[in-house]
Each structure stands twice: as structure tokens, then as C-alpha cells.
Amino acid sequence: LYTRKSGDEIVGQLYNFTDKGGREVALRPEMTPTFARMVGARANALRKPVRWFSIPQLFRYERAQRGRLREHFQLNVDIVGEPSELADAELLAVAIDIMRELGLTSADVRARVSDRRLLHGLLAALGVDAGAVGAVQGVLDKIARQPLEVSREKLAAAGLAAGVVDRILALAQGTTFEALQAEFGAAPEAREHLERFARYREHLDGLGVGDWVDLDLSIVRGLAYYTGIVFELFDAKGELRAICGGGRYDTLLKALGGTDLPALGFGMGDVVLGELLKDRGLFPDPSEEAVDLTLIGGNGAGVRPFAEALRLVTALRGAGFSVAHGLNAERYLTQATRNQVDAAKKAGVAAAIYFREDGATEAVSLLGRMSGAPTHAMDTAAALAGDAAAMQGLREWLQLQRDNARPSSGSNG
């Protein structure tokens, strides 16, 4: 499947081997062919358009480097059953909305977009034979990673005249959609594709993401199955590999023996995205992911039955807190409070919660020095009942402790 449908880059990076039964197998390098086979097998039962996401673990046999590891997790988002360019705009808007949710802006990330059909039309208008289009795409896909003269030599070796080579390289190195319309708008080979791309751009503007997008005809995506609009997201400074990439693959389901349905999707790996968030000071604070509260015995442990301690844990979890507790009831009652606090603090828990001797419930911050550590008292009956006001008060206090413990910074860059 991968050797036939994915393209040379994927084939060269396959973790493949022959198993004990003599079968050729591979660790999954990408999700799209798997998804296409799955949808193809159940196409008649699925309501169209299909909107789908998955987060598979993927493997590539290549040299590990910044932004590229031999295994990673990847968000895949796909739409099946809709040929309209509005679906293409929606797909890119999903990827950009994820960037926004992570705190990134159009000054941090640029979406570089092209359309294989438009590129083919432009090449035809320039007089490039259909048999040479694949070679041109291969050169464009690597144009940023190889010297310009190497690209020129490869295009010439594909049988292209010097003037055509110069024009292709100029278009690949940067142009605008308006310039393409002015030069090729009347060309019958390109007119339909320019009109479609104009509608696509209008949809992107309507979805509020147009200012993130740049036309880039060198974006062709190396995978063999792409057929239409393609895109990649890059950091605006150009310091990292692509954050995300995808496009339309209208013929893949049929090629895999399934139903003839149009489809499009993207993949967004965790490695490059993580590097970008770190560079911009936006990587999630590990303390925010730590356990909120841990139940400890405290001096009032014997005042209330252990069953009520478990009820407190349940009420707190029901209110949305992450809560840990020991799994030994006897130790809850007998272990020194200081030892319980020390263990929770070493585990990175934000606060300890316990019954006081006077019967109230109290939380103490574990995020700083324990001498004079901030506390928050709650009415135990309200806490056990999961009272909304009591829980909100605890939530706000806990967030304040985290805010106070976070190092101040004059810049997020």
C-alpha cells in the first residue's frame, strides 16, 4: 500500500521488514491510506460529508533532528464526500484555528497554499508537456532544499527550454494571485483553475483566516496521491520544518478499491509544533498539568470517618479537580502529616486538602515554601455536597496559587 500510493519520500523512510510468515509489513508512516481504506469499506453507511479526526502514532526511518523524530504522534483531520473548494477552505481554517487556540498569530505562522490543478494549468499554458509535469513537481517540492542551479539543471534535463525553466523558477520563487490572473487569466488551460482558486480565497476571507495565507506554487506536497489544493503551515521566521501539511486527494479511495469519493485532509505532528510553542514561550506549563489536590490525613483525620474522606475526594473530582489519595486507610490515619505533605510536594501536587480538628475542610498550597503557606478553608458540609460556590472558591484560590508561583517574565519570546 505505502510503496504504491505514498511516493518516494515515504518509501525511503519506511520501517519495513518481513515477518515470520513471510509477509511484507511496515510500521505505519502516515494515516491517510489507512483512513481511506477504512472509509472506503463503509462508505455507503456513512453520512456525507464525513468529518473525521484521529491522533495516530507514526514512524519514519530517518536521522533524528530538531523537529523530526523517528516516531511521533500526529493529529489527522479529514473530510470525505465534498468536492467543493469550500471544504478546502474549511480544512485549512481548522488547522489555523488550532494555531489560534495555542496562542499563535499570523505573525508566528504562515499557511503556504497552492493547487496542483492550477499548477498543471499554468505549466500547460507555458507549453510544458504532460509527460514532464511529474518531473517539474519533483523539482518544485525540493526547491527550497537544493541550490537553484541544481533545480535549473533538473528542469532542463526534463526537456524544458531555457525560457520556460526561467519562468517556472520565477513563479516558484514568489508571485501573487493577482499577478497570475493578469498573466494567465485568458489562457484556456488555466482559466478554470484560477476561478476556482479565487473562490477558495474568498471562502478563506469569510472564515477569517485569509490574512494567514500566502500563495506558494512550490508547495506541491511530496505524496503521490494529492490532486488539488495543497498547503503547509510554517513558522513565520522560517526556522523550523513544516508544522502541518495536507490537501485534496480525490482519487485515493477509488485507487484503493473503494468507492469513488472526493476527500481531503491534513496531518499535524507534535514535534515541530512543540518546538514552535517552546520558542514562542507558549508551551504549556507542566505545573498546570499537575494534580490539583491530594488528600492527606491531617490532625483532624480521626474526627470524621474515612468514608467521608472518600466522599470529599469524589465531590472534588465531580467538580472537575484532579485529586489523588492514598490507597491505604490505616496509613491515612497513622502516617505523620509532614511525611504526607512532603510526598505530595515532591510529586508536584498543587495543594493538599484535609479535615481540620475543628471539623472544617482546609487546603494548603504546596507550590512554595511551606512556612506560612497560603491556606483556604471550606465548610465541610458544602464541600461534601459539591456545593458550586464552595468549589468555585477553591478553584479561584488554587488558580491564584499557581499564578503566584509562576516565574514572572518580561517577554514571551
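This is a predicted model: local features need pLDDT of at least 70, side-chain atom pairs count only at pLDDT 80 or more; totals for chains, interfaces and linings use all residues.
Let us begin at a peptide bond. Lys-48 and Pro-49 are joined by a cis peptide bond, with omega at about -5°. To find Pro-49, look in the loop between α3 (32–41) and β3 (50–54).

Next, follow the chain to a pair of helices. Two packed helices are described by the angle between their axes and the distance between the axes. Here, helix α9 (residues 177–184) packs with helix α10 (residues 191–206) at an angle of about 155°, and their axes are 11 Å apart. Angles over 145 degrees count as roughly antiparallel, and α9 and α10 are therefore roughly antiparallel to each other. Their crossing is left-handed. On the α9 side, the contact is made by Phe-177, Glu-178, Leu-180, Gln-181 and Phe-184, while α10 brings Leu-194, Phe-197, Ala-198 and Arg-201. Sorted by class, this contact of α9 with α10 has six nonpolar residues, one polar residue and two charged residues.

Our last stop is helix α16 (residues 337–346), where Gln-340, Val-341 and Ala-344 are buried. These residues lie on the same side of α16 because they cover an arc of only 100° around the axis. An α-helix has 3.6 residues a turn, so residues three or four places apart point the same way. The buried residues of α16 pack against β11 (293–295) and α15 (329–334). Turn to the other side of α16 and you will find Arg-338 and Lys-346, which are exposed. Just after α16 comes Gly-348, with a positive phi of about 85°.

Terms used
Residues are numbered from 1 along each chain as its sequence is written. Side-chain values use heavy atoms; hydrogens and water are left out. Helices (H or I, at least four residues) and strands (E, at least two) are DSSP runs, numbered from the N terminus. Axes are lines fitted to C-alpha atoms, for helices over the stretch in contact, and angles run from 0 to 180 degrees between N-to-C directions. Angles under 35 degrees count as roughly parallel, over 145 as roughly antiparallel, 65 to 115 as roughly perpendicular and the rest as oblique. A crossing is left-handed if the near helix is turned anticlockwise from the far one by less than a right angle, and right-handed if clockwise. Contact means heavy atoms within 4.5 Å. Ala, Val, Leu, Ile, Met, Phe, Trp, Tyr, Cys and Pro count as nonpolar, Asp, Glu, Lys and Arg as charged, and the others, Gly among them, as polar. Buried means under 20% relative accessible area, exposed over 50%, partly exposed in between (1.4 Å probe, protein chains only). The arc is that of the directions from the helix axis to the C-beta atoms.
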